[in-house]
Amino acid sequence: MLKMAGNKSYTIVEYFGGDSGYRCGYCKNDEGNFSHGMWSHTMTVQDYQDLIDRGWRRSGKYVYKPKLNKTCCPQYTIRCHAPKFQPSKSHKKVLKKMSKFISNGELPKEQDGGEPMDSVCDEARPREPSSVCPSEVKRAAITDIQKELPECPAITEVQKEVADGAPADSETSRKDPESVADERTTAAAPKPGMGADPGRPPCRKARDLRKERRLQKEQIRQHADGDSSIVSPTPPTPALTKQPKPLEDFISESMPDNSSHCLEVRLVRSSPPSPQFKASFDASYQVYKLYQMAIHKDPPDKPSESQFRRFLCDSPLEAEHSPDGPEVGYGSFHQQYWLDGRIVAVGVIDILPACVSSVYLYYHPDFASLSLGSYSALREIAFTRQLQKQSPKLSYYYLGFYIHSCPKMRYKGQYRPSDLLCPETFAWVPIEQCVLQLENTRYARFNQDPDAGDARVLKDVGRALVLYRRAVMPYAAYSRKRKGSSDELEVQQYADLVGQDCAEKILLYRA
């Protein structure tokens, strides 16, 4: 990482543009997928936090931003507010399934209809700019900027699909079976042409009736015992209601003592690689290879070791620590799931100043029936909550992109409360409001304030920083040196996409 006077670190990128379309892995449109891209030689965690809050996302060292108003399947950045998260019924089911396996050692026979997880086919990933390879970038006069880089790698998308298979907007999937059955019964009650009988009391749910009967029986019993303190069978007041069980309790229950199996989650830094990461690299890679062949149907020679390194191990993020940050520091990590002494799944994550960002998940195909995608997402939310206790501003879990036009990708909206990023103002909007708009149109401006705009909109491209001949300078100075540079439109486009603040602190490499 380039450091200048005052020990200030810089991010260094090369911008690739993104005018032509490529195949979409969601709707199979041959040329409907559009995105902007740039290669990041090195990046500070704060700069990456600022970029993902403008709709960017990394795959290895390649950072890309979908063109939401042009691409066939718009991809909206989604985040979950981890401290307020409560597991849904389907989430509890996943945790109970893991608990049964850990306890008695038996794998579920079925896979709940197939878990999408991270089954994004190759066509869904951002396309590599075929004619451009990362330049050899030298450090500024103070120090080398970057070592010579390898050949331009294949660019891959790293979205984590951790679905149980049910669309997020399916009301029926969120209701318990009793209430659903009750609705079916009451819907058939009115006689044809007559409607509901206004003389009868409204229908009530069976669950409420059972609760009232239990209270009445308790009242009768206590009166028989001579307890006259109970006056009526009225339900308890909200202040006395039982508090919902936190996520951590459900997870601890899924890992009982004296069980058939031992599950351990280990966090290892992947970039720069820690000794623990190096020691487990081969075992981790073998799980990745099996996953790609079984889930993505890759031929055996495709998930090579070099491809694995570029895709999931290499990262532009440098290891950083802060006095008010988490104890493990910031940067890129692998969260390894060890079952009885062997790796069965790996979650690739970035720890940033305000969030844990999910990058990818791969797992051993033999354990597909455990819904490891959903289970790992719940563990990562719990991990975010743990880090938030050490660093209060680190309170969000980013799940990558939410794609409403692709039903199997809607599961990400089930981790609530969650927000989607407005593609025009870059404000966060509750997903409930956004889904109403996305039911009618693929592209939507979520911010309902017509006067709101981008708070970091580009105002002066001349102040954007560039790295030219080992020297850092504003673009205006660079333009004078070049005497009428022909790259102004490209730099203008880049600066528009990253915003004024990022343009003034990220170094855009100029050959």
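# Briefing: a mixed sheet and the helices around it

Helix α1 (residues 45-52) is largely enclosed by the rest of the structure, because 6 of its 8 residues are buried. Buried means under 20% relative accessible area, exposed means over 50%, and partly exposed lies in between (1.4 Å probe, protein chains only). The buried residues of α1 are Val45, Asp47, Tyr48, Gln49, Leu51 and Ile52.

This is a predicted model: local features need pLDDT of at least 70, side-chain atom pairs count only at pLDDT 80 or more, and totals for chains, interfaces and linings use all residues. Residues are numbered from 1 along each chain as its sequence is written, and side-chain values use heavy atoms, with hydrogens and water left out. Helices (H or I, at least four residues) and strands (E, at least two) are DSSP runs, numbered from the N terminus.

**The sheet**

- An open sheet of 8 strands runs in the order β7-β8-β9-β10-β11-β6-β12-β13, with mixed pairing. Two strands pair if DSSP finds at least two bridges between them.
- β7 (263-271) and β13 stand at the edges with a single partner strand each, so one side of each has no neighbour in the sheet.
- Neighbouring strands of this sheet are turned by 35 degrees against each other on average, direction ignored. Axes are lines fitted to C-alpha atoms, for helices over the stretch in contact, and angles run from 0 to 180 degrees between N-to-C directions.
- Strands of a sheet pair through backbone hydrogen bonds, either parallel or antiparallel.
- β12 and β13 run antiparallel and are joined by 3 bridges. Leu420 stands opposite Val429 in β13.
- Helix α9 (residues 305-313) packs on the sheet and touches β7, β8, β9 and β10. The direction of α9 makes about 155 degrees with that of β10. Contact means heavy atoms within 4.5 Å.

**Strand β9 and its partners**

- Strand β9 (residues 342-351) has 9 of its 10 residues buried, so it is largely enclosed by the rest of the structure.
- Strand β8 (residues 331-339) pairs with β9 in the antiparallel sense over 9 bridges. Gly331 has Ile351 as its bridge partner in β9.
- The hairpin of β8 and β9 has 2 residues between the strands. There, Asp340 takes a positive phi near 50 degrees.
- Strand β10 (residues 355-363) runs antiparallel to β9, and 7 bridges join them. Val346 stands opposite Tyr362 in β10.
- A hairpin of 3 residues links β9 to β10.

- Helix α11 (residues 431-438) has Ile431, Cys434, Val435 and Leu438 as its buried residues.
- Seen down the axis of α11, these buried residues fall within an arc of 100 degrees, so they line one face of the helix. The arc is that of the directions from the helix axis to the C-beta atoms.
- The buried residues of α11 pack against β6 (76-81), β11 (396-402), β12 (418-421) and β13 (428-430).
- The axes of helix α8 (residues 281-295) and α9 come within 11 Å and cross at roughly 95 degrees.
- α8 and α9 are therefore roughly perpendicular to each other. Angles under 35 degrees count as roughly parallel, over 145 as roughly antiparallel, 65 to 115 as roughly perpendicular and the rest as oblique.
- Phe281, Ser284, Tyr285 and Tyr288 of α8 take part in the contact. Among the α9 residues that meet them are Glu305, Phe308 and Leu312.

**Single residues in loops and beyond**

- Ser391 lies in the loop between α10 (372-390) and β11. Ser391 counts as buried, at 1% relative accessibility.
- The side chain of Ser391 reaches the backbone oxygen of Asp324 at 3.0 Å. Not counting residues up to four places away in sequence, Ser391 touches Asp324, Gly325, Pro326 and Tyr330.
- Ala511 is placed in the segment after β16 (506-510). Ala511 counts as exposed, at 77% relative accessibility.
- The C-alpha atoms of Ala511 and Glu14 are separated by 9.5 Å, although these residues are 497 residues apart along the chain.

**Backbone details**

- The peptide bond from Ser271 to Pro272 is cis, with omega near -10 degrees. Pro272 sits in the loop between β7 and α7 (275-279).
- The peptide bond from Arg416 to Pro417 is cis, with omega near 5 degrees. Pro417 belongs to the loop between β11 and β12.
- Lys297, in the loop between α8 and α9, has a positive phi near 60 degrees. Lys297 is exposed, with a relative accessible area of 64%.
- Arg469, in the loop between β14 (465-468) and β15 (471-474), has a positive phi near 50 degrees. Arg469 is exposed, with a relative accessible area of 70%.

Methods
A polar contact is a pair of N or O atoms within 3.5 Å; within protein, one must be able to donate a hydrogen and the other to accept it, and residues adjacent in sequence count only if both atoms are side-chain atoms.
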